Amino acid sequence: MSLRIVVTVKYVPDATGDRHFADDLTVDRDDVDGLLSELDEYAVEQALQISENSDDDVEITVLTVGPEDAKDALRKALSMGADKAIHVEDDDLHGTDVIGTSLVLAKAIEKAGYDLVVSGMASTDGTAGVVPALLAERLGVPQVTLLSEVSVEDGVVRGRRDGDTASEQLEASLPAVVSVTDQSGEARYPSFKGIMAAKKKPVESWDLEDLEIEADEVGLEGAWTKVEAAAERPARTAGTIVKDEGEGGKQLAEFLAGQKFI
Amino acid sequence: MAEVLVYVDHVDGAVRKPTLELLTLARRIGEPVAVALGAGAEATAATLGEHGAVKVLTHDAPEYADYLVVPKVDALQAAYEAVSPAAVLVPSSAEGKEIAARLAVRIGSGIITDAVDLEAGDEGPVATQSVFAASFTTKSRVSKGTPVITVKPNSAPVEAAAAAGAVEALNVSFSEKATGTKVTARTPRESTGRPELTEAAIVVSGGRGVNGAENFAIIEALADSLGAAVGASRAAVDAGWYPHSNQVGQTGKSVSPQLYIASGISGAIQHRAGMQTSKTIVAINKDAEAPIFDLVDYGVVGDLFEVVPQLTEEIKSRKG
Ligand SMILES: Cc1cc2nc3c(=O)[nH]c(=O)nc-3n(C[C@H](O)[C@H](O)[C@H](O)COP(=O)(O)OP(=O)(O)OC[C@H]3O[C@@H](n4cnc5c(N)ncnc54)[C@H](O)[C@@H]3O)c2cc1C
Ligand SMILES: Nc1ncnc2c1ncn2[C@@H]1O[C@H](COP(=O)(O)O)[C@@H](O)[C@H]1O
């Protein structure tokens, strides 16, 4: 038996950098360093663990839709241990929103061939957390999302979803789309050997034509949503800061009373 | 007036507060028609009517509890087809966002997630979002199809507005995919008796500085003196001191209370992402250089083990 896993990974601007918008109100990717979204490292990690715990012949493909530099994200995932990579890149993709991104990812996943898709819980820039559900909808397969624990056995994926009101055990037959949270277990660091090996692993490049997607279905023009304005949040006015010299708690209570919280 | 579909989040008929906030927003753009699914659906109608729902479409079936997400998407789609609304509003819970997104693809519409405000506009509703860890505010609209918008808790006041709240049975036939993901077991979260984190008016959070699960009693005591919910930083959660369901931040809950009190929390960007839109922010930290102090309205540089108990005592004595 063989098991083909596709892990979707996003290249994002560093959250600790000074992120902002470009003139066309898309995310500015020039002034802030990019990297593999930390939340997608958990997806790569779980794919690797599924592979390590499997008797099947597992092949892990990492897939990204993003600009030229997004190759860095693929390299990182390859150096963690994924087998090969696919980079969907096309000038017409600039400004694509979640609906469009899910279309491109779904077509690429179908073209690559898959039994299991593993995604992160959310991208650290857009933070919508909806792409995995959208992929399940588009691919017509079960969604088993937001898992803090996941396993695959005999063509069945099982996992635990810790929701707002309950913790649920879920089960679905493959093919399926799963997403994993940052509670699923620390992601491994690439080893020196892994980094060297990654340089030799294949990275395929596809464009919209390869996926039979028309340019007007994606990009800023084709987007299903329009950002009309973006403004930096005004800096909070400097607050009062006191040093505790034995009365700090009481001073704070006085402040809270003044604000009518007590 | 155009109808606006509002997806109801309820527990056995008890409507959760974010849904009532959605009704306030829905009334700005049209006439709210609510969709309530699962056990207790009909029992939601009275409350929804009091807050402006003209109609409440209801349906119950075991599928809603036994299978993940898709049965609810099928039902919301049935409601969409029955009503042809001007917009669809869904609470921004993890599940709410998934339901909304799948509906959007099915009906060929765009989606906006995690709106914090909503107004009517010439070209359809305009949603405000808070992005990049709340350092930017954007205004967006859906430009294709019927707007599907998910809205975060605490984005609007709950307002009484009497309407009929007439119950109508919704006809739902489940798709073949509805039973794809089975829920094989469910363990409800134990109630602490404290307010729900995302809905609370006051949140009291502890971080690595709390230094141990047993010390969270100090944070809880402060929370209880104010009738607040308890939050935790990821460092405190990862250390096993407090449950993940209480984590505030990018990968935890996003809160926007009237008052947020951070104790022993440094204020990393991922933590700020989940609390920066709080109205009043207060911090207690022994490091005067901690980034959390950049956000505060009032900060105390000091040892939380001294300051927090004193604060709690003072609140109790003032409240009498
Ligand atoms: C992808 C990703 C997602 C993340 N998601 C989240 C998230 O959702 N939520 C989140 O919180 N973090 C998140 N983080 C982690 C985040 O980067 C920080 O590591 C975390 O917020 C730190 O928690 P902390 O402030 O409690 O700990 P620290 O940064 O260690 O700060 C502890 C603070 O306590 C103070 N202190 C210590 N002792 C005392 C005392 N006795 N009295 C007073 N003050 C004291 C110290 O001065 C210090 O400022 C995420 C990180 C990544 C990479
Ligand atoms: N451009 C992209 N390329 C590859 N994967 C993506 C992309 N955008 C989103 N994803 C995947 O979808 C998950 C959720 O993203 P989002 O819905 O944007 O928050 C991420 O963790 C990724 O696994």
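1. The lining of the second largest pocket comprises eight nonpolar, 13 polar and seven charged residues; Ala, Val, Leu, Ile, Met, Phe, Trp, Tyr, Cys and Pro count as nonpolar, Asp, Glu, Lys and Arg as charged, and the others, Gly among them, as polar. The model is predicted: local features need pLDDT of at least 70 and side-chain atom pairs pLDDT 80 or more, while totals for chains, interfaces and linings use all residues. Residues are numbered from 1 along each chain, chains are lettered from A, and side-chain values use heavy atoms, without hydrogens and water.

2. This pocket holds about 590 Å³ of space. Of its 28 lining residues, B:Arg208, B:Arg234, B:Ala235, B:Ala268 and B:Gln270 are the closest to its centre. A pocket is an open set of points on a 1 Å grid over the protein atoms alone, where a 1.4 Å probe fits, with protein on both sides within 12 Å along at least five of seven lines; lining residues have an atom within 4 Å of a point.

3. Helix α1 (38-52) of chain A and, from chain B, α7 (234-238) and α8 (269-272) each supply at least two lining residues. The most come from α1(A), with four. Helices are DSSP runs of H or I, at least four residues.

4. Six aromatic pairs are found over all chains (ring centres within 6.5 Å; stacked if the planes are under 30 degrees apart). B:Phe216 and B:Tyr242 are stacked, at 4.5 Å centre to centre and 25° between the planes. Both B:Phe216 and B:Tyr242 are buried (under 20% relative accessible area, 1.4 Å probe, protein chains only).

Methods
Grid points are joined across faces, edges and corners, and a volume is the space filled by probe spheres set on the points. Rings of Phe, Tyr and Trp (its six-membered ring) pair if their centres lie within 6.5 Å; planes under 30 degrees apart count as stacked, over 60 as edge-to-face and the rest as tilted. Buried means under 20% relative accessible area, exposed over 50%, partly exposed in between (1.4 Å probe, protein chains only).
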